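Student: Could we go through this model together, taking burial, pairing and packing in turn?

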Amino acid sequence: MSARVVAVCISENKGERKKPIAVGTLLVEHGLEGDGHAGDWHRQVSLLAQESINTMRAKGLDVTTGDFAENLTTEGIDLPSLPIGTRLAVGEEAILEVTQIGKECHTRCAIYYQAGDCVMPREGIFARVIKGGTVTAGSPIRRLDP
């Protein structure tokens, strides 16, 4: 199976569940247009694998895409194993660069209390937008050679 985007999600504020949208626009050095997490910093776009969400479902949690505040839910790519600096082509135009693997949660976020756990600190990754473009569910993702 080739890697792909399962869902594109945004929210108004950081630290809350995100809602799927039909079409997202990745803006250079900003992130996903309309998302509260976007901005001039190294965690412009967050990615989490559908496989991680499925693991949480197997533990009995009623969770779906966007519930862990990820912008892009992916399938078919081992996100936590990607080295910092890895570039990913997303869709027809966009290029992301991995900037962080996981994150430290100093306090339990709203997602933790709503879902009972949060896989984002362990299995989510963050990236910055090197080249902008459109992204939708079904968009291909491929790792670019260094």
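Tutor: A residue is called buried when its relative accessible area is under 20%, exposed when it is over 50%, and partly exposed in between. Please keep in mind throughout that this is a predicted model.

Student: With that cut-off in hand, is Glu-75 buried or exposed?

Tutor: The cut-off for burial is a relative accessible area under 20%. Glu-75 has a relative accessibility of 17%, so Glu-75 counts as buried.

Student: How many bridges join S1 to S6, and which residue in S6 is the bridge partner of Val-8?

Tutor: The two strands run antiparallel, and the number of bridges that join S1 to S6 is four. For Val-8, the bridge partner in S6 is Leu-72.

Student: What is the order of strands in the open sheet of three strands, and which strands stand at its edges?

Tutor: The three strands of this open sheet pair in the antiparallel sense, in the order S4-S3-S10. A strand at an edge has a single partner strand, so one of its sides is left without a neighbour in the sheet, and this holds for S4 (31-32) and S10 (133-136).

Student: Over how many bridges do S3 and S4 pair, and what is the bridge partner of Leu-27 in S4?

Tutor: Strand S3 covers residues 23-27, and its antiparallel pairing with S4 runs over two bridges. The partner of Leu-27 in S4 is Gly-31.

Student: Which residues of helix H1 are buried, and why do they line one face of the helix?

Tutor: H1 spans residues 50-58, and its buried residues are Gln-50, Ser-52, Ile-53 and Met-56. Seen down the axis of H1, these buried residues fall within a limited arc, so they line one face of the helix, the arc being 160 degrees.

Student: What is the relative accessibility of Gln-50, and with which residues is Gln-50 in contact?

Tutor: Gln-50 has its place in helix H1. Gln-50 counts as buried because its relative accessibility is 8%. Once neighbours within four places in sequence are left aside, the contacts of Gln-50 are Val-6, Arg-57, Thr-65, Thr-73, Thr-74 and Glu-75.

Student: Which residues have the most contacts inside the largest nonpolar core, and which elements give two or more residues to this core?

Tutor: The largest nonpolar core has 22 residues, and those with the most contacts inside it are Leu-26, Leu-47, Leu-72, Leu-96 and Val-135. The elements that give two or more residues to this core are the strands S1 (4-10), S5 (45-49), S7 (87-90), S8 (94-101) and S9 (125-131).

Student: Which residues are among those of the other core?

Tutor: This other core lies apart from the largest one and has five residues, among them Leu-48, Ile-53, Met-56 and Val-63.

Student: How far apart are the closest N and O atoms of Asp-35 and Lys-18, and are these residues buried or exposed?

Tutor: Asp-35 forms a salt bridge with Lys-18, and the closest N and O atoms are 2.8 Å apart. Asp-35 lies in the loop between S4 and S5 and Lys-18 in the loop between S1 and strand S2 (19-21), so the pair ties together parts that are 17 residues apart in sequence. With a relative accessible area of 7% for Asp-35 and of 3% for Lys-18, each of the two is buried.

Student: Which residue forms a salt bridge with Glu-97, and which residues are joined into one network?

Tutor: With the closest N and O atoms 3.2 Å apart, the partner of Glu-97 is Arg-128. Glu-97 lies in strand S8 and Arg-128 in strand S9, so the pair ties together parts that are 31 residues apart in sequence. Salt bridges that share partners make up one network, which joins Glu-29, Arg-87, Glu-97 and Arg-128.

Definitions and conventions
Residues numbered from 1 in each chain as written. Predicted model: local features only at pLDDT ≥ 70, side-chain atom pairs only at ≥ 80, totals over all residues. Heavy atoms only, no water. Pairing = 2+ DSSP bridges. Buried < 20%, exposed > 50% of the residue type's maximum accessible area, 1.4 Å probe, protein only. Arc of directions from axis to C-beta. Core = buried A, V, L, I, M, F, W, Y, C linked by side-chain atoms within 4.5 Å. Contact = heavy atoms within 4.5 Å. Salt bridge = Lys/Arg side-chain N within 4 Å of Asp/Glu carboxyl O.
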